[in-house]
Amino acid sequence: MAMTAVRSIGAGGPASLSRFRGALVASVLGDCVGGEFEGAEEVPMDRVLQHLNGLEDDNRGDCILQYSDDTAMTQCVVESLLTRAGFDERDMAARFALEYSHFPGRGYGAGVVQVLKKLASPTLNDVYQPAQAQFSGRGSFGNGGAMRAAPFALAFRKPDDIKKFSRLGAMLTHSCSLGYNGAVLQALAVHLSLQGALEKPHDFISKLISEMEEVEGEDAARSDARVLNEPEFPFCERLYKVKDLMEQNNVSIEEVIFKLGNGIAALHSVPTAIFCVLHCLEPREGLPEHYGGLERTMAYSLALGGDTDTIACMAGAIAGAHYGIDAIPQTWQRCCEGAEVAYDTAQRLHTLYLQSLTEGDSGTNSEPHSHSSAQPPTK
């Protein structure tokens, strides 16, 4: 598909409040609408469009689509970053554990449940230890860290900080590099989109590859890739496949799934989410002509099947940061539990972000806090 520069009408300038709100609200949207098809091997587009068209029904109640662990944990990340005015691993871990204890039925995976139960222990000294002990010490490489990574791009403005803290935030539950590097990639994609980089799609994907070459060059990442029989730079390899698919005039959903994946591993879902956004920058056959880019992204993400809620959640965050809040239909927002909260907290994150600009990042550029005396949050 020949890609051209695409303007994000109504999104405002780089890092505008509209883009912040778009990122967080579209993330919730993807999670909520994606739950309908999670785990399905095949999802015909007509079923997807029927599902989305149903959101336009004024007779449907507010918040009829419930969010999953994707949004629950993202909200924890946001509240921790706001409360601590930066990254605090103990506070964030405590919020994850408390959220799960109050609402365990959000669809958490069995592996992360084990970690969250251990994080709830008041005697735990190292909050990273439970995740590191999983799978015979290899850690998880699922996409649970990536699904909640978007707020790091909204709290920190420097790429090095975004990479550092999104990685540490993911490592609370996913200690394998193929897990936490997926979170880094997702956060970087949201960051670049927030800055308007999707106006030049090829530059956008090239920048991601350049950043991930540095990230995946670390010894731990290369060792994990060898152990798991993956290419030496697994995420870069997938991003090159994304780049190749961008050049094709006709790309079938089957080919996208075969080359990129649609599963729960970060490697099989984060690059896929990025492709969904890039592929839907322009109108596509089979999608309604009146759909804007964000609506196309959402529909296409669901039609891939597999881990639909998380892929749509991640694609939504990237697309929302590009198009802004006005690109998300009000009726869609109204149907999604958590959308209003995301709308409000986005403004608080935007204020923190602007404060970092005026204060030289003094509040968000520090070393990660380790407050052993910090009290767990309460509800």
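Predicted model: local features only at pLDDT ≥ 70, side-chain atom pairs only at ≥ 80, totals over all residues.
On the helix 8 side, the contact is made by Pro159, Ile162, Lys163, Ser166, Arg167 and Ala170. Their partners in helix 9 are Tyr180, Ala183, Val184, Ala187, Leu188 and His191. By residue class, this contact between helix 8 and helix 9 holds eight nonpolar, two polar and two charged residues.

Helix 9 also packs against helix 16, which is formed by residues 308-323. Here the axes come within 7 Å and cross at roughly 20°. An angle under 35 degrees counts as roughly parallel, and helix 9 is therefore roughly parallel to helix 16. This crossing, too, is right-handed. Helix 9 contributes Gln186, Ala189, Val190, Ser193 and Leu194 to the contact, while helix 16 contributes Met314, Ala317, Ile318, Ala321 and His322. Seven of the residues in the contact of helix 9 with helix 16 are nonpolar and three are polar, with no charged residue.

The next topic is the nonpolar core. The largest one has 124 residues. The members that touch the most other members are Leu52, Phe204, Ile205, Leu208, Met212, Ile274 and Leu278. Which helix gives the most residues to this core? Helix 9 does, with eleven. Ile274 shows what the surroundings of one such member look like. With its neighbours within four places in sequence left aside, Ile274 is in contact with Leu185, Ala189, Phe204, Ile205, Leu208, Leu239 and Ile318.

Ser27 is located in helix 1, which runs over residues 17-34. Is Ser27 buried or exposed? Its relative accessibility is 4%, so Ser27 counts as buried. Apart from residues up to four places away in sequence, Ser27 touches Cys313, Gly316 and Ala317.

Arg95 is another buried residue. It is part of helix 4, residues 89-102. Arg95 has a relative accessible area of 15% and is classed as buried because the cut-off is 20%. Between Arg95 and Gln75 the C-alpha to C-alpha distance is 9.3 Å, at a separation of 20 residues in sequence.

Most residues other than glycine have a negative phi. Ala85 has a positive phi of about 50° although it is not a glycine. Ala85 sits in the loop between helix 3 (69-84) and helix 4, and its relative accessible area of 30% makes it partly exposed. Ser136 likewise has a positive phi, near 55°. Ser136 belongs to the loop that joins helix 6 (129-132) and helix 7 (150-155). With a relative accessibility of 71%, Ser136 counts as exposed.

Definitions and conventions:
Residues numbered from 1 in each chain as written. Heavy atoms only, no water. Contact = heavy atoms within 4.5 Å. Helix = DSSP H or I, 4+ residues; strand = E, 2+ residues; numbered from the N terminus. Nonpolar A, V, L, I, M, F, W, Y, C, P; charged D, E, K, R; others polar. Core = buried A, V, L, I, M, F, W, Y, C linked by side-chain atoms within 4.5 Å. Buried < 20%, exposed > 50% of the residue type's maximum accessible area, 1.4 Å probe, protein only. Axes fitted to C-alpha atoms, helices over the stretch in contact; angles between N-to-C directions. Parallel < 35°, antiparallel > 145°, perpendicular 65-115°, else oblique. Left-handed = near helix turned anticlockwise from the far one by under 90°.
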